[in-house]
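Try each task yourself, then read the solution step by step.

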Amino acid sequence: SQVNFEEESQNPPAVGHWKPLMPSKGDKEEPESGCQDAGGVPEAQSTEQLNVSRLRSSSVEIREKGSEFLRDELHKAQKELKLKDKECERLSKVREQLEQELEELTASLFEEAHKMVREANTKQAAAEKQLREARGKIDMLQAEVTALKTLVITSTPSSPNRELHPQLQSPSKGGFRKGHGRNKSTSSAMVSAASQNLAPEPGSRECKEVDSILFAEFQAWKESPTLDKSCPFLDRIYREDVGPCLDFTKQELSELVRVAVEQNTLTIEPVASQTVPVGKVAAEDCGGPKKCALSGLPRTCKHRIMLGDSGSYYYISPSCRARITAVCNFFTYIRYIQQGLVRQDVELMYWEVMRLRREMSLAKLGFYPSEM
């Protein structure tokens with residue numbers, strides 16, 4: 001009886017078989033254990049097939065939803081990329097427009113500056129002419145006053161001057177006069193005094209004629225502007241103007257000045273604006289306020305130059321400063337032409353170059369403005 005009880009406890013009675021809703025792969029492969037009735041086997045198989053079909057349908061649905069989500073994200077990314085491309089294109093157009101406006105503004109400012117300089121020079125010439133005319137009128141008026149004083153002094157009550165008082169002349173000599181007549185002696189005295197004080201003013205009109213060789217060389221250089229002095233245009237100017245203008249007594253310093261002018265590293269400043277540097281170079285090399293470093297002559301030096309960043313200053317006379325300034329003005333203008341900042345007719349640019357060459361020629365001959 002005890003053995004039977006143990007067997008019954010080890011094999012409990014089968015009330016019913018429970019199947020999971022989603023069986024695993026192991027459940028499909030392993031055979032079912034336990035007691036089943038004959039009608040339960042087909043029902044378990046149909047339930048398992050139903051669960052598999054549900055799993056397949058759910059995986060297909062998840063895959064479709066995932067692909068739809070990815071398509072939406074792709075469309076959004078493409079739209080954002082198109083917007084960014086449009087924004088980049090718009091910004092590039094804005095940048096090009098700003099660069100063009102900046103270039104046009106620079107060119108217009110340069111032209112306006114040259115126009116203002118020309119107008120200032122024209123006004124200065126007109127003012128100088130008016131000053132000369134005013135001085136001539138003053139001299140003439142002073143001569144008239146001197147002549148009138150002479151006539152008044154020579155006329156006294158005891159012996160009046162009959163030319164100054166025509167009413168005292170006899171009718172046979174003086175005759176009857178109507179209106180106001182100017183005394184001939186006064187006029188002659190004023191004319192003679194004026195002729196002594198005034199000199200005829202030469203004509204100020206200037207005639208110009210384009211030299212065909214120089215103009216052809218400038219046109220060839222203008223097509224491809226360069227600072228290479230081997231081209232015919234610059235080679236001629238170096239030989240005829242730049243070289244003689246920067247040819248000073250101190251040859252070594254002259255060569256350094258020429259290189260600094262070509263490289264645009266030369267600085268000119270008034271002597272009174274800065275203190276004198278100490279210990280850079282010897283005093284006899286720098287010159288001084290009373291000695292020019294380029295010519296070596298005793299001259300009053302109002303300016304000094306510095307070559308590059310060397311920190312060494314050289315005192316120069318007004319004549320040397322005028323020569324260096326004339327060459328610097330020429331190089332500045334041709335650099336502006338090379339950079340495309342001068343937008344004028346070729347002939348106008350040619351005459352501006354000729355004007356700068358004339359300034360170099362006058363400077364090398366010793367002519368310079370008094371304010372230097």
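**Exercise 1. Find how many salt bridges there are, and look at one between Glu87 and Arg90.**

Step 1. Start with the rule: a salt bridge is a side-chain nitrogen of Lys or Arg within 4 Å of a carboxyl oxygen of Asp or Glu. By this rule the count is 15 salt bridges. Before going on, note that this is a predicted model, where local features need pLDDT of at least 70 and side-chain atom pairs count only at pLDDT 80 or more, while totals for chains, interfaces and linings use all residues. Residues are numbered from 1 along each chain as its sequence is written, and side-chain values use heavy atoms, with hydrogens and water left out.

Step 2. Go to Glu87 and Arg90: their closest N and O atoms are 2.5 Å apart. The two residues sit 3 apart in helix H3, so about one helical turn separates them. (Helices are DSSP runs of H or I with at least four residues, strands are runs of E with at least two, and both are numbered from the N terminus.)

Step 3. Check the exposure. Buried means under 20% relative accessible area, exposed means over 50%, and partly exposed is in between (1.4 Å probe, protein chains only). Glu87 is partly exposed at 35%, and Arg90 is partly exposed at 43%.

**Exercise 2. Work out which parts of the chain the salt bridge between Arg357 and Asp241 ties together.**

Step 1. The closest N and O atoms of Arg357 and Asp241 are 2.4 Å apart. Arg357 belongs to helix H11 (residues 346-364) and Asp241 to helix H7 (residues 232-245), so this pair ties together parts that are 116 residues apart in sequence.

Step 2. Are these two buried or exposed? Both Arg357 and Asp241 are buried.

Step 3. Now widen the view: Glu217, Arg236, Glu240, Asp241 and Arg357 are linked in a network of salt bridges.

Step 4. Stay in helix H11 for another pair, Arg355 and Glu359, which lie 4 residues apart, about one turn of the helix. Their side chains meet in a salt bridge at 2.5 Å, N to O. Arg355 is partly exposed at 27% relative accessibility, and so is Glu359 at 29%.

**Exercise 3. Locate a positive patch and a nonpolar patch on the surface.**

Step 1. Lys and Arg count as positive and Asp and Glu as negative, with His and the chain ends not counted. A charge is placed at NZ of Lys, CZ of Arg, CG of Asp or CD of Glu.

Step 2. The positive patch gathers Lys76, Lys79, Lys82 and Lys86. Lys79 lies in helix H3 (residues 40-154) and is exposed, with a relative accessible area of 58%.

Step 3. The nonpolar patch is formed by Leu102, Leu105 and Leu109, with about 310 Å² of accessible area together (by the Shrake-Rupley method with a 1.4 Å probe, where for residues only the protein chains shown count as cover). Leu102 is also in helix H3, and is exposed at 54%.

**Exercise 4. Count the disulfides.**

Step 1. Look for pairs of cysteine sulfur atoms within 2.5 Å.

Step 2. The structure holds 0 disulfides.

Conventions
Patches are made of residues with over 30% relative accessible area and no salt bridge: like charges are joined within 9 Å, nonpolar side chains (Val, Leu, Ile, Met, Phe, Trp, Tyr) within 5 Å.
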